[in-house]
Amino acid sequence: MNTRAAKAKPKAHVNGANDKQEFLELYRQMCLIRQFEEACGEQYSRGNIRGFLHLYIGQEAIAAGVMRSLRAEDYVVTHYRDHGHALARGLDTNRVMAELFGRATGLSKGKGGSMHIFDAAKGFMGGHAIVGGQLPLAAGLALACQYKGTGGIAVVFFGDGAVNQGVFHETMNLAAIWDLPLLFFLENNLYGMGTAAERTRAGGVDIYPIAGSYGIEAAMIDGMDVLAVREATGEAVKKIRAGEGPKFIEAKTYRFHGHSMADPARYRDHAELDYWLSRDPLKSFPKMMLDRELATAEELAVVRKSADDEVASAVKFSLESPPPAKSELFTDVYA
Amino acid sequence: MATRVTMPSMGADMTEGTVARWLKKEGEAVKRGDKMAEIETDKTVVEMEAYADGTLLKVLVPEGRKVPVGQLIAWLGQPGEKVPEESGAPAGPLGPAARPAAPPPTSASAPSPVATRLAAASAPMPARPTPPSPPPTPVTEDGDRTKASPIARKLAEEQGIDISKVVGTGPGGRITRDDVLNYKPAPSLPSSSINRPAPKVIAQDIPLTSMRQAIARVTVRSKTEAPHFYVTVAVDMTDTMKFRQHLNEALAESGIKVSVNDMIIKASVNSILKHPKFNTSFAGDKLQGHADINIGIAIALEQGLIVPALLKCQGKSVVELSTMARDLGNRARGKGGTLSQQELTQGTFGISNLGMFDVVSFAAIIVPGQAAILATGTVKKTPVVKGGEIEVADIMHATLSCDHRVADGAEGAVFLTEIKRNLENPALLMV
Amino acid sequence: MAELTIRQAIQRGLEEALQNDPNVFIMGEDIGKYGGAYAVTSGFLEKYGPKRIKDTPISEATFIGAGVGAAAAGLRPVIEIMSISFSLVAFDQIVNMAANLRYMSGGQIKVPMVIRAPTGAGAQLAATHSQSFETWLAEVPGIKCVAPSTPADALGLLRSALSDGNTVIFAEPAQMYGVKGDVPDGRFTVPIGKASVQRSGGDVTLVSYGHGMRVLHSAAEDLAKRGIEAEVVDLRSLSPLDMDTIVASVHKTNRALTLDMARRTGGIMAEVAARLQEAASDWLDGPVARVGAEDVPWPYNRELEQEALPRVEDVLASLKKSYGI
């Protein structure tokens with residue numbers, strides 16, 4: 001009988017003597033994502049990016065915090081708000097941006113777009129745009145790791161909207177009975193498109209207790225705190241690699257923009273937005289570093305500048321890239 | 001350098017947007033991330049953010065205007081900076097005319113896909129090649145399409161067989177492959193149709209006589225000015241025909257012969273006396289009454305139709321009317337004098353009788369200035385039901401054409417019924 | 001040469017794969033301890049162990065999705081769906097994942113996987129268990145779809161499916177597992193995308209697949225008694241579709257009939273008929289004759305179910321109507 005109980009993980013605390021380079025790298029990743037997403041918004045309004053565009057602004061601490069614990073042989077699977085994960089996983093900024101521009105130099109040669117970012121060589125197995133649909137895929141990747149004994153694991157990101165899909169429950173069940181090396185990472189940003197999670201979820205907006213009913217150890221953390229994310233992920237991944245089977249982390253977070261570019265987010269009140277803006281990891285994290293004298297303002301500015309430059313050159317790269325050849329229409333349908 | 005602010009694309013399906021409200025005024029400082037304007041799309045209102053710091057130099061699209069995505073709507077720059085010459089395309093709903101012919105590039109070097117597409121859209125479309133016309137379809141002699149399967153047609157063509165000569169044995173008489181394969185052309189015979197010259201159709205122009213021109217003018221005027229309506233009754237003339245026979249027997253020595261038409265004239269006069277409205281002319285603001293009842297009689301001449309009138313018919317007996325009518329007819333045909341101007345122009349009510357042509361019924365055109373015209377058909381022996389029995393009766397159909405400006409349907413019916421009552425009761429014709 | 005049933009032929013193909021390729025594993029509901037709902041994998045668990053023979057929860061969407069993930073990571077899963085009717089709950093995983101992944105990743109991800117599923121009506125399983133969704137899946141680009149009607153084709157197609165780089169839907173006619181036939185020795189394969197002429201004749205081309213082949217062969221016998229020689233063609237592969245073989249036959253016969261044991265509207269045979277009109281119109285001696293199951297949910301009652309299924313009489317009547325033969 002499974003007796004592994006769910007328990008909420010308390011907010012992680014910073015150890016004063018953390019590695020400075022590591023913190024600066026976390027900050028660099030968050031700056032890169034923020035700057036990338038702002039550039040996406042601008043390029044979308046210019047018509048250079050089309051289709052649906054979902055910005056990750058506000059949730060940067062999660063992507064940055066999780067990826068630090070992963071290895072090359074691990075797999076990452078995520079949802080359609082996927083740019084942040086792609087960049088944090090180390091995908092080429094130029095090629096991610098070019099994919100959004102629909103150019104031949106994009107990771108999918110312009111056939112996937114914003115919601116479908118892939119880089120198989122980096123184990124980045126996709127942004128997926130059917131809510132919850134990526135969960136079984138991740139279980140299969142974890143199964144392959146287990147089957148082949150690679151020592152790798154799979155991490156799957158999903159939102160609070162996905163937890164009401166049947167496959168969410170099915171996948172937790174399958175992962176638990178097969179002890180799959182799989183980390184379920186729930187980014188609970190409190191809204192499924194424009195509908196508040198509390199309006200669609202029986203039992204409240206805390207979702208991690210469900211994992212316990214499948215015998216999966218679960219933690220809940222502050223998704224605006226990159227160090228808490230990093231710490232919780234590090235612990236869960238260690239246990240998964242040790243063969244303890246799947247783990248579950250719920251991070252409470254918030255997207256500062258609407259669901260997509262077409263969404264003015266009128267369903268949220270200003271007080272709520274202001275509260276979450278006040279917890280912006282792009283403000284709180286550098287402030288903490290300054291307060292604890294882990295970095296100087298100049299050092300932080302250098303990091304920001306490098307992120308800005310990287311994004312600016314990605315935009316330039318994308319604008320200068322050719323569109324896919326017409327013949328690409330018929331390639332990659334079959335192997 | 002001033003920065004272009006263009007109508008943003010805020011959704012995959014957005015092609016145009018309306019500036020609902022400018023949140024910054026000209027001359028106002030703008031910081032990157034500030035909300036500059038509210039943009040109304042088909043679905044919602046979204047806020048447009050500034051992507052650069054600066055001052056809102058110039059607003060080119062006023063609130064409430066709808067413009068295509070990508071169109072220049074404002075300039076952002078340093079205070080006092082001069083706005084470049086380029087201005088927004090004429091604002092208006094998205095349409096070919098409103099599209100900029102060649103939108104300038106965005107601040108980045110390459111033109112945006114939107115701009116490229118707009119440019120492409122304004123380029124002339126290459127002419128579409130005309131598809132080759134389909135080969136003519138075989139047609140059977142009765143004009144129907146020959147039903148033949150595609151392979152049957154193909155084989156027939158290859159073998160030089162006229163497919164319309166092949167008898168189809170397939171479903172619905174379709175000519176099948178086997179029908180063509182088994183087809184043996186019949187030995188050729190001389191044409192079976194008898195050599196008979198086709199009747200010649202005379203196709204010559206006929207110049208209009210002045211009478212024809214007058215008729216054309218008058219009937220068009222009548223039908224244009226007077227809204228006609230028609231009321232028809234069947235008149236049982238049995239008793240009247242007997243009466244007429246007796247009367248004519250009695251008058252035989254005097255040489256007077258009362259016709260059916262004479263009795264119709266008398267019945268009309270009697271009815272007009274009772275319903276004088278039918279002896280008026282529509283005169284714009286009134287119905288102009290006439291002191292005399294002048295019954296116009298339609299007379300078919302070789303050159304055409306004329307409708308001269310019997311003047312002052314009121315108080316005249318059927319015999320007197322008969323005499324007058326014969327005289328009028330003669331003069332109309334150029335015998336024993338001519339028609340007076342009065343007779344030709346002063347009719348107040350018309351009668352047209354085609355009874356001699358075995359016509360059952362017809363409707364006549366009112367002579368302009370008159371209120372109505374009565375059209376009668378032939379008197380014909382007809383089985384009728386009387387008191388539950390079928391009897392043979394002399395039936396005549398009478399149709400009254402009325403000027404609706406003068407009278408309505410019910411009035412026309414009442415008036416025509418009065419004529420019918422007179423015709424069915426010969427005693428009334430003697431009054 | 002050996003005489004095998006279709007069931008045995010599939011078993012042989014699966015066992016070969018398990019023995020020759022360590023990346024092959026089988027998963028599905030009741031395939032292990034129970035031995036498979038149609039006993040295809042009977043005894044496999046004992047022979048190959050639980051790592052290779054995985055009993056799954058009743059979660060079609062998830063174990064098919066997991067198969068996609070495993071395939072994307074280099075394994076070669078063989079998945080059994082107990083009935084193709086149950087594929088409906090997994091359509092998102094089959095269509096959006098198995099079929100679309102390769103294209104939307106710009107060719108980075110391959111999904112070499114075989115999804116086996118019994119299909120078809122005729123066993124009084126009523127509306128939810130009698131459907132033939134291979135005809136829907138055949139429309140989806142990015143996956144392939146085959147349906148054998150003989151033991152030799154079952155083995156030959158399975159071998160091809162197991163070495164294909166794509167997901168292959170392997171639709172097994174549920175009422176034909178016991179059909180016997182000669183199977184050649186040696187490692188022959190049947191290529192995916194190639195139809196087979198099962199009977200030659202010059203008078204009319206009859207086309208179907210799976211269960212429909214039995215009806216066509218009976219009809220061909222009846223026609224032969226009247227001196228009409230039918231050419232009977234088995235699609236075998238619904239996607240890609242081999243129109244060349246069918247068109248070549250129609251060039252010879254000038255008459256064609258399509259038979260669909262699935263509902264006639266919008267199915268794969270409707271596509272075959274449409275493409276025939278397109279590609280061989282000049283060679284046809286009348287409209288393509290079409291026979292299919294009635295457009296109703298499958299009834300339970302035996303007589304009603306038989307009424308809904310196409311029969312030999314329907315084939316003959318349809319030929320009469322189109323070609324007068």
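Is A:Ser45 buried or exposed? In this predicted model, A:Ser45 is buried, because its relative accessible area is 8%, under the 20% limit for a buried residue. The residue belongs to helix α1 of chain A, which spans residues 20-45. Its surroundings include residues of chain B. Leaving aside residues up to four places away in sequence, A:Ser45 touches B:Met7, B:Pro8, B:Ser9 and B:Tyr51.

Chain A also meets chain C. Here 46 residues of chain C are in contact with 38 residues of chain A. The size of an interface is often given as the accessible area lost when the parts come together. For chain C and chain A, the buried area is about 3,300 Å². Carbon and sulfur atoms give 66% of that area. Polar contacts cross this interface, with 19 residue pairs found where both partners have pLDDT 80 or more. The count of salt bridges between chain C and chain A is zero.

Several elements of chain C build the side that touches chain A. At least two residues each come from the strands β2 (24-28), β3 (53-55) and β6 (143-146) of chain C. The helices α2 (44-52), α3 (60-72), α4 (91-99) and α5 (101-104) of chain C likewise each supply at least two. The largest share, nine residues, comes from α3(C). By residue class, this side of chain C holds 20 nonpolar, 17 polar and nine charged residues.

Chain B has 431 residues, of which 39% count as buried. Its secondary structure comes to 10 helices and 18 strands.

Helix α2 of chain B, residues 150-159, has a buried side and an exposed one. Its buried residues are B:Ile151, B:Ala152, B:Leu155 and B:Ala156. These four lie on the same side of α2(B), because they cover an arc of only 135° around the axis. Their cover includes α3 of chain B, residues 177-181. The face turned away from the buried side carries the exposed residues B:Glu157 and B:Glu158. Just after α2(B), B:Gly160 takes a positive phi of about 70°.

Definitions and conventions
Residues numbered from 1 in each chain as written. Chains lettered and ligands numbered in written order. Predicted model: local features only at pLDDT ≥ 70, side-chain atom pairs only at ≥ 80, totals over all residues. Heavy atoms only, no water. Contact = heavy atoms within 4.5 Å. Buried area = accessible area lost by both parts, 1.4 Å probe. Salt bridge = Lys/Arg side-chain N within 4 Å of Asp/Glu carboxyl O. Polar contact = N/O pair within 3.5 Å; in protein donor to acceptor, adjacent residues only side chain to side chain. Nonpolar A, V, L, I, M, F, W, Y, C, P; charged D, E, K, R; others polar. Buried < 20%, exposed > 50% of the residue type's maximum accessible area, 1.4 Å probe, protein only. Arc of directions from axis to C-beta.
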